[in-house]
Amino acid sequence: MRAEQKTASLMAGPYAAFLLVFAVYPIAFALVLVFLQWDLVTAPTFAGADNIRLLVHDGRFWSAVANTFVFLSIHVPLQIITALALALALNRQLVGRSFWRAAFFLPVVISGAVVAILWSNLYATDVGLINHLLVKIGLSPVPWLTDPRTAMPAIAVMVTWKNVGFYVIIYLAGLQYIPRSCQEAIEIEGASAWQRFRYLTLPSLLPQTILVVTLSTINGFQLFIEPYVMTGGGPLRRTYSVVLYLYNNAFAYQKMGYAATIGVALALIIGIVVFAQRRLIGKAEAL
Amino acid sequence: MPSVTFEHVTKRFGDATVIEDFDLQVADGELLVLVGGSGSGKSTILRMLAGLETVTSGRIRIDDRDVTDLAPRDRDVAMVFQDYGLYPHMTVRDNLSLGLRLRKIPRHEIDRRVAWAAGMLGLEPLLDRKPKALSGGQRQRVAMGRAMVREPKVFLFDEPLSNLDAGLRAQMRIEIGSLQDRLKTTTVYVTHDQVEAMTLGDRIVVLADGRIQQIGRPIELYRTPVNRFVAGFIGTPAMNFIEGTLAADGGRMFFSAEAARLKMRAGTAESSEPITLGIRPEDLRMDFIPQQPTHGSADFDTLTGRVVLVERLGGTSHVHFQVGPHRLMASVASDSLPEVGHDITAHVPAARVHLFGGDGRAIGRTAEIV
Ligand SMILES: Nc1ncnc2c1ncn2[C@@H]1O[C@H](COP(=O)(O)OP(=O)(O)OP(=O)(O)O)[C@@H](O)[C@H]1O
Ligand SMILES: [Mg+2]
């Protein structure tokens, strides 16, 4: 027994060390930093609750939070719809099914910066492919990334495209779990294709939908690379995300204590939102 | 007018012909059982009737309506699946009522039918539970209730009891039988369990390799199987078989095999082909003292053998014995049983003997068996 325990701790050791160095230590360090002022050069000084007080009254922070919510309100529903629709399509007997599955997964593993640059080109006002097509069908070009009204939605669409393959896999796995006899029973009982989706498929995929909502929300709150690469937070700060603000505080303005405060606040906000979402979905399920 | 008609129905999956030229008529209100071994095509036939599988050629009719090309929901059938196919996220009440809601049946009518089915099946206390909070037997009842509330033209059952334990299976078998008796809804019931087939079926269709072997009332299949397959399939324990030949001797036919010579009943036709003799374990009568050291008595209605195994089942027991190269089994009352290793004599009543020709077909079935 003792030998087994020894082996167990030996085997868990590397992972525990990893966790300690890359998760526990940074979290603890961030919590400490909240109460410090530190420019990375001179020695940190104790700042009490200054950072927290500043954050509460920082309009830029709260507008970044609002921007992120705008992003989420487009990204999360769109992510569910696209992933579900693609999963349903790919779940059929389809020619080249594994090719399509791989094709949709590919953007997930491509670097976010690369995708951002690619889409910057697609969105470009004068030379972008999207506007080229719009003009072709007789519409006027849209300045996707430079119009304050369209910039954040454009980024949300792009992020949705990038991640859809990952969520498709989650939904495809869920679809496998719907017993064939249930599908046949509801068909015999008289359900149309839409009713089969409404009364069987969609409710059966509730666990997967909760997962997609949670993951895409957490992921969405960390929006950074896309505005950083594509818009720098503009136009009119409309794409300025919380993490971009955090990054700039840390590495542009050298305010490590304040950046850490933003990070901790973001973690709290994510926790609250995800918790609220679960409560809401739980209520919806009970209906 | 028959309620369900199959006309020359053939089903191929790719190159494999699974059902060939299948003809069947199910009478109105009848409970017809399709029975056969695994892969014999039972489910395929049922699924074609439900519309879950297309037919390759031939027609299927329900009443006088050709349903061959209709979608499942337009056929007015209800099906009970082996794994029940209950909707896991819905309560029992919603499971029962969904089909009616989809068909826009008025609310009060839905409530009436759900209450009626729940009452009949004893589901009232379970109406607000979800399937995962039910036992196997309760799920089975919900699946039946879901079929009942639809009040369809035809009930389809695909091995509905095979996921239940033996006791529950026997109980549900009786319930299904009495339900169908009361509802008088035409039913096609698929099973591989011949006891279910015998006890439930008004008529039984025995299938092998996608072809009908025999159709008949249970007792007909038991008494006059048309071929060796049916003889071996229907009846538990299964019929004993001995390979041999027929030969005339002094105006009577005798069946001869190694270590066995038996007089056949009068009127048995002569035959030169290899013959299989079949006798049911319950038709053998046993004497524990061998009458003669030779094979059988002078009347040639007995086999002499040595007991190799006794299975005590309670009221009856199965006595396995060896006659020359033939392993046979007799089903006898447990009052007095032979010991393993002892010699016994088994009486083979000529009237109970089944004979099958080289192609497996029953022969010499002229005299009626009492
Ligand atoms: N979708 C399919 N594609 C190819 N072959 C199939 C398909 N469905 C059934 N078969 C074949 O058809 C034959 C009959 O199958 P079926 O399911 O009707 O048998 P069954 O009598 O119901 O057997 P069981 O008692 O095992 O359920 C089998 O050989 C099976 O392999
Ligand atoms: Mg089957």
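Chain B holds eight helices and 21 strands. Helices here are DSSP runs of H or I with at least four residues, strands are runs of E with at least two, and both are numbered from the N terminus. This is a predicted model: local features need pLDDT of at least 70, side-chain atom pairs count only at pLDDT 80 or more, and totals for chains, interfaces and linings use all residues. Residues are numbered from 1 along each chain as its sequence is written, chains are lettered from A and ligands numbered from 1 in written order, and side-chain values use heavy atoms, without hydrogens and water.

Start with the overall build of chain B. Its C-alpha atoms fill a box of roughly 80 × 45 × 35 Å along the principal axes. The chain has 370 residues, and 52% of them are buried. Buried means under 20% relative accessible area, exposed means over 50%, and partly exposed lies in between, with a 1.4 Å probe and protein chains only. Chain B exposes about 16200 Å², of which carbon and sulfur atoms supply 49%. Such areas come from the Shrake-Rupley method with a 1.4 Å probe; for residues, only the protein chains shown count as cover. Now take the contacts in chain B with a separation of 6 or more: residues 24 or more positions apart account for 65% of them. A contact means heavy atoms within 4.5 Å.

Next, the strands. Strands of a sheet pair through backbone hydrogen bonds, either parallel or antiparallel. Two strands count as paired if DSSP finds at least two bridges between them. In chain B, strands E1 (residues 4-13) and E2 (residues 16-26) run antiparallel and are joined by seven bridges. B:Phe6 stands opposite B:Leu24 in E2(B). The hairpin of E1(B) and E2(B) has two residues between the strands, and B:Gly14 there takes a positive phi near 65 degrees.

Further along chain B comes an open sheet of five strands. Its order is E15-E19-E16-E17-E18, with antiparallel pairing. Strand E15 (285-287) and strand E18 (326-333) of chain B stand at the edges; each has a single partner strand, so one side of each lacks a neighbour in the sheet. Neighbouring strands of this sheet are turned by 45 degrees against each other on average, direction ignored. The axes behind that angle are lines fitted to C-alpha atoms, for helices over the stretch in contact, and angles run from 0 to 180 degrees between N-to-C directions. Within the sheet, five bridges join E16 (residues 302-312) to E19 (residues 343-347) of chain B. The bridge partner of B:Gly305 in E19(B) is B:Ile344.

Two loops of chain B deserve a look. Between helix H8 (228-233) and strand E11 (240-249) lies B:Pro237. A cis peptide bond joins B:Thr236 to B:Pro237, with omega about -10 degrees. B:Ala259 lies between strands E12 (252-257) and E13 (260-263). It is not glycine, yet its phi is positive, near 70 degrees. B:Ala259 counts as buried, at 18% relative accessibility.

Finish with chain A. A:Leu40 sits in the loop between strand E1 (36-37) and strand E2 (45-46) of chain A. Its phi is also positive, near 75 degrees. A:Leu40 is partly exposed, at 41% relative accessibility. Helix H1 (residues 2-33) of chain A contains A:Val24, which is partly exposed at 43%. A:Val24 belongs to a nonpolar surface patch of about 730 Å², along with A:Tyr15, A:Phe18, A:Leu19, A:Leu20, A:Val21 and A:Phe22. Patches take residues with over 30% relative accessible area and no salt bridge; like charges are joined within 9 Å, and nonpolar side chains (Val, Leu, Ile, Met, Phe, Trp, Tyr) within 5 Å. A salt bridge is a side-chain nitrogen of Lys or Arg within 4 Å of a carboxyl oxygen of Asp or Glu.
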